[in-house]
Amino acid sequence: MLSLLALPAHAGMANATMQVGFVLTEACTVSAQAGTPNVSCSHDSPYRLGRVDAGVQQGNQAAEAAWTIYF
């Protein structure tokens with residue numbers, strides 16, 4: 001909480017150092033559907049998608065790719 005007080009016009013000027021900190025809480029949602037995953041972050045945080053192909057086909061079924069999301 002920051003409070004400002006009204007000072008008389010003739011009051012002297014002074015400098016002061018004040019240390020502050022804050023935390024931004026981020027929330028990201030990942031929806032996994034067919035194709036590329038959809039990532040949505042509340043504060044538009046950067047992310048990167050990485051795809052790793054399974055590379056092995058078994059029978060008639062093509063191998064699916066795995067996705068990694070880096071925040």
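Strands here are DSSP runs of E, at least two residues long, numbered from the N terminus. By that rule, Phe71 lies in the segment after β4 (65–70). The model is a predicted one.

**Overall build**

The protein has four strands and zero helices. Read from the N terminus, its elements run β-β-β-β. Of its 71 residues, 6% are buried. The accessible surface comes to about 7,000 Å². Carbon and sulfur atoms hold 54% of that surface. Take the contacts with a separation of 6 or more: residues 24 or more positions apart account for 19% of them.

**Two exposed residues**

Exposed means over 50% relative accessible area.

| Residue | Location | Relative accessible area |
|---|---|---|
| Asp44 | loop between β2 (38–41) and β3 (48–53) | 69% |
| Phe71 | segment after β4 (65–70) | 61% |

Asp44 counts as exposed because its relative accessible area is 69%. Its backbone also deserves a look. Phi of Asp44 is near 55°, a positive value in a residue other than glycine. Most residues other than glycine have a negative phi.

Phe71 is exposed as well, because its relative accessible area is 61%.

**In brief**

This is a protein of four strands, with 6% of its residues buried. Asp44 sits in the loop between β2 and β3 with a positive phi.

Note on methods. Residues are numbered from 1 along each chain as its sequence is written. This is a predicted model: local features need pLDDT of at least 70, side-chain atom pairs count only at pLDDT 80 or more; totals for chains, interfaces and linings use all residues. Side-chain values use heavy atoms; hydrogens and water are left out. Buried means under 20% relative accessible area, exposed over 50%, partly exposed in between (1.4 Å probe, protein chains only). Contact means heavy atoms within 4.5 Å. Accessible areas come from the Shrake-Rupley method with a 1.4 Å probe; for residues, only the protein chains shown count as cover.
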